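Welcome! Take a moment to turn the model around on your screen before reading on. Then we will walk through it topic by topic.

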Amino acid sequence: MSVAPGVAEVSRTSRVLLAMAAVAVAFAAADTYVVVLALPDMMTGVGVPIDQLQRAAPIVSGFLLGYVAMLPLIGRIADLRGRVPVLVMALVLFALGSLITTVAYDMPSIVAGRFLQGVGGGGLVPATLALVADLYPVERRGVPLGVVSAVQEIGSVLGPLFGAAVLAFSDWRAIFAINLAVGLVLAAAIRALAPRERVSPEPRGCRHLDVVGLLLVLATFASATIVFLRPSGLMRDLTWGQLFIPFAGDGRWLTPIGAITTAALVLLVAWCWFAPRPLLDLRGWSRVLVEADLAGALLLAAALGGVILAFATADPKVEVFSPRGRWYLLGAAVAAVAFAWHVRRAASPLVPRGALRRTPAWGALLVSFFVGAALIAALIDIPLFARTTVYPDDQLPAALVLVRFLIALPVGAVAGGYLIRSFSPGVVTAVGMLMAATGFVLMTRWGLTTIEEPIANVALVTGGLGFGLALAPVNAALLAFTDDDVHGVASAFVVVSRMVGMLVGISALTTIGLRRYYSEQLEVPPVQEVCDGKSRCKEFSDLLRVAGIAQEHAVFWGAAGCAVVAAVLALVLFRQVRPTRLAARDVFTGGA
């Protein structure tokens, strides 16, 4: 383990650069759940009936698939070509996905847009975590790692609030139009702050303005906008309206304007491939993809995608994953075996051999999985509990209950970053997860009105502080026991582990909770036997609410168990990890 040269003193520009990257991470994380309130309007906007909610699942799972499946590849590219180029490219992909989503007119187009948003948003996380390791010496990484981890989790919950705020003044397309603007502004800011020589992987005269490439981009953008939005004025015009008449069938791309857009896109790609000074060096990035092991990345993406689809298509009322999900899991297992075989034979594999060989390194992935499984219960089921008990008809106040948890989480993250300077990351992680487990146990004591009482804050603050304490130590242990040239791909895997843990956790815990709900519901008398007047109808409603509370209590107990497992694993697997202050001293004194 060594300290990178020049990181002893972090410049003001580097701190601003890291702050911009952290803002980008938070904004992309918010986009994961921004569709919670907007989903019905998005369905209507792309022609899906509101009573066919199951058809809208790809809008959510498409983003998650892009976010998780491409993370290892992007992390590896960040190791090979630098953190800043990946940050800029990820933001450009995020903005492109936002643009496609904004103008989407059918389900394939909106899913494609959400997938690109996921790829771009997910790529920001490993590059930012690796950037922390580049900029800060080992004894000073704790706090910035905690901040980056905290803003990622906060963004996940601020997404629905951001969506609600925009929907109060505009429609769902405005959400993604804002994403487009923010993504491009952040990309420009990070590019301006970065050293000029690190902006692109293969800088073939990129300092010169590519006028032809810029004109092709504008032409492609303009024609594609017309294809998607189909302005009514043009369509009704006798001359221009012929651009929208299909050659065959009824597809928008089989029209003259669609053919023009396709031709402009082909010319743009050809120019960026063959031109000596292109706006976007596609040939250089293609070499980067090959060097980063694109084949291995696709095999791993297939394995992760199978897991995501298996649980995302499940009906938790019946089982953890659906019968079709079993085939997804089988495909994931086959892809995982093929990936393992590929890694053993490839000359330059996606995961360099021995990159995660040390126990704290692969242990961080395991701990992160159970942290994610527990954390998702707080992010989803605390607002659900509020809606079940106090706010049955208003989602926004129910979501705001989680603010108390969120205020404590970043405080705990900063505290955890400081504590690992004096205490082992394993101890800090274990204490944090035991605090989180305690918070969940306290939540199992909540009743019909507890959420409005001050005592509820004890569980929320305890849980938020606990999760915050655990975020930085897990990342610090991973970075301390991996080499500098694999920090990007290693950080990607720890994020993947947490996201998969969230997905598996919410599916399993929701199934457990619903079974408890149905068990309690069997004891509720039929409505005709109870509801013979207003007071009796209220009694029946209260009985159903009690069954709903029992469901959430079961979820909280399961989340507490996941938190305890994470604590035990951290104590066992991180026992080799010393406080960062002592570890830094070892670097300069030659200690073990």
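Let us start inside this predicted model. The largest nonpolar core has 136 residues, and those with the most contacts inside it are Ile382, Phe405, Met433, Phe440, Phe467 and Phe574. Helix H15 (residues 359–389) gives the most to this core, contributing 15 residues.

**The nonpolar cores**

- Pick out isoleucine 382 and look around it: leaving aside neighbours within four places in sequence, this residue is in contact with Ala377, Val401, Leu402, Phe405, Met443, Leu460 and Phe556.
- There is also a second, separate core of 17 residues, and its members include Val34, Ala38, Met107 and Phe176.
- As a general background idea, nonpolar side chains in soluble globular proteins tend to be buried together.

**An enclosed helix**

- Helix H4 (residues 71–81) is largely enclosed by the rest of the structure, because nine of its eleven residues are buried.
- The buried residues of H4 are Leu71, Pro72, Leu73, Ile74, Gly75, Arg76, Ile77, Ala78 and Asp79.
- Just after H4 comes glycine 82, which takes a positive phi of about 105°.

**Salt bridges**

- The structure holds four salt bridges.
- In one of them, the side chains of arginine 114 and aspartate 31 meet at 2.8 Å, N to O. Arginine 114 lies in helix H6 (residues 107–135) and aspartate 31 in the loop between helix H1 (12–30) and helix H2 (35–45), so this pair ties together parts that are 83 residues apart in sequence.
- Are these two partners buried or exposed? Arginine 114 is buried, and aspartate 31 is buried too.
- Arginine 83 forms a salt bridge with aspartate 79 (2.8 Å, N to O), and also one with aspartate 134 (2.7 Å, N to O).
- Arginine 83 sits in helix H5 and aspartate 134 in helix H6, so their pairing ties together parts that are 51 residues apart in sequence.
- Arginine 83 counts as buried because its relative accessible area is 5%, under the 20% cut-off. Aspartate 134, with a relative accessible area of 24%, is partly exposed.

**A buried serine**

- Where is serine 98? Serine 98 has its place in helix H5 (residues 83–102).
- Serine 98 counts as buried, because its relative accessibility is 0%.
- Not counting residues up to four places away in sequence, serine 98 touches Gln117, Phe176, Asn179 and Leu180.

**Cysteines**

- How many disulfides does the structure hold? The structure holds zero disulfides.
- Cysteine 272 is buried, with a relative accessible area of 4%, and cysteine 562 is buried as well, with a value of 16%.

**How confident is the prediction?**

- The mean pLDDT of the chain is 79, and 83% of its residues reach 70 or more.
- Among the elements of the chain, helix H18 (residues 425–443) has the highest mean pLDDT, at 94, while helix H23 (residues 580–589) has the lowest, at 43.
- Over residues 197–207 the pLDDT is below 50, and this stretch has 25 contacts in the model beyond near neighbours in sequence.
- Residues 582–592 also have a pLDDT below 50, and that stretch has eleven contacts in the model beyond near neighbours in sequence.

Key: Residues numbered from 1 in each chain as written. Predicted model: local features only at pLDDT ≥ 70, side-chain atom pairs only at ≥ 80, totals over all residues. Heavy atoms only, no water. Disulfide = S-S within 2.5 Å. Buried < 20%, exposed > 50% of the residue type's maximum accessible area, 1.4 Å probe, protein only. Helix = DSSP H or I, 4+ residues; strand = E, 2+ residues; numbered from the N terminus. Contact = heavy atoms within 4.5 Å. pLDDT = per-residue confidence, 0-100. Core = buried A, V, L, I, M, F, W, Y, C linked by side-chain atoms within 4.5 Å.
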